[in-house]
Amino acid sequence: MPAYKLTYFDFDGGRGEPIRIAFHAAGIDFEDNRLTFAEFGEMRKSTPFNSLPILEIDGVVVTQSSAMCRYVGKMGGLYPADDMQALYCDEVMDAVEDLSHHIGRTFSLKDEALRLAREELVDGWISVFLRGLDGLLTRNGGEYFAGDDLTVADLKAYGMTRWLSSGSLDHVPADLAQRLAPGLVKHQARIEADPRVVAYYATRS
Ligand SMILES: N[C@@H](CCC(=O)N[C@@H](CS)C(=O)NCC(=O)O)C(=O)O
């Protein structure tokens, strides 16, 4: 088994979190290298795209969180073997990436500029993506985004719904997902209760 080192920020969320959960669910040992924002600032320029996460596999650096989810998901039974279900899975991960990108662009803003940008997002892209993801979940029966069991798409969407509903994003109402996409909020609770996810968080407490 290769040596895996995942480098991401030191919080339980964001683009790194589904990869951490997938590694744990797959029973694959990995080094969970967690950086402060200051530490990232010092090494940012040394990463291929000035961003995290990066995954080192026997010292070889790879980027792109959804590609990492797919890679670990395939090893851990969290990525569909069926092409159509794999398409559903990828579609959701890419949609979550798009939304992360829109939100990420507001992180450098402050005060009034931040408020205006976030309010615009709430009325615009965040609403579009919440409704859209809710629709993708309904299309597959309402429980999982692809197939009939947990996949990395569920882990990635779960992290996004949890974040949007946490109240930690300034100017994003914590009840927005509940109002626009109640199926996604139920999905968040379902994934949070999955034994593989519970087992992962038990290691964090
Ligand atoms: N498409 C990339 C996006 C990576 C990305 O934007 N990461 C953010 C953190 S979640 C980052 O490192 N931002 C720091 C910066 O842009 O300076 C992926 O999916 O891994």
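Because the model is predicted, local features need pLDDT of at least 70 and side-chain atom pairs count only at pLDDT 80 or more, while totals for chains, interfaces and linings use all residues.

**Stop one: the ligand**

Select the ligand and the residues around it, which are Tyr8, Phe9, Arg15, Phe40, Arg44, Asn50, Ser51, Leu52, Pro53, Gln64, Ser65 and Glu97; a residue belongs to this set if one of its heavy atoms lies within 4 Å of the molecule. Next, show the polar contacts, meaning pairs of N or O atoms within 3.5 Å. A polar side-chain atom of Gln64 is 2.7 Å from a nitrogen atom of the ligand, a polar side-chain atom of Glu97 is 3.2 Å from an oxygen atom of the ligand, and a polar side-chain atom of Arg15 is 3.3 Å from an oxygen atom of the ligand.

**Stop two: two loops**

Stay with Leu52 and Pro53, which are joined by a cis peptide bond with omega of about 5°. Pro53 sits in the loop between helix H2 (37-43) and strand S3 (54-57), where helices (H or I, at least four residues) and strands (E, at least two) are DSSP runs, numbered from the N terminus. Then move to Asp58, in the loop between S3 and strand S4 (60-63); phi of Asp58 is near 50°, a positive value in a residue other than glycine.

**Stop three: H4 and H6**

Select helix H4 (residues 83-104) together with H6, whose axes are 10 Å apart and pack at an angle of about 165°. Axes here are lines fitted to C-alpha atoms, for helices over the stretch in contact, and angles run from 0 to 180 degrees between N-to-C directions. H4 and H6 are therefore roughly antiparallel to each other, given that angles under 35 degrees count as roughly parallel, over 145 as roughly antiparallel, 65 to 115 as roughly perpendicular and the rest as oblique. In the contact, defined by heavy atoms within 4.5 Å, the residues of H4 include Tyr88, Val92, Val96 and Leu99, and those of H6 include Trp125, Phe129 and Leu133. The residues of this contact of H4 with H6 divide into 11 nonpolar, one polar and three charged.

**Stop five: H1 and H7**

Finally, select helix H1 (residues 17-26) and helix H7 (residues 152-164), whose axes come within 9 Å and cross at roughly 135°. H1 and H7 are therefore oblique to each other. Glu17, Pro18, Ile21 and Ala22 of H1 make the contact with Val152, Leu155, Lys156, Tyr158 and Arg162 of H7.

Methods:
Residues numbered from 1 in each chain as written. Heavy atoms only, no water. Polar contact = N/O pair within 3.5 Å; in protein donor to acceptor, adjacent residues only side chain to side chain. Nonpolar A, V, L, I, M, F, W, Y, C, P; charged D, E, K, R; others polar.
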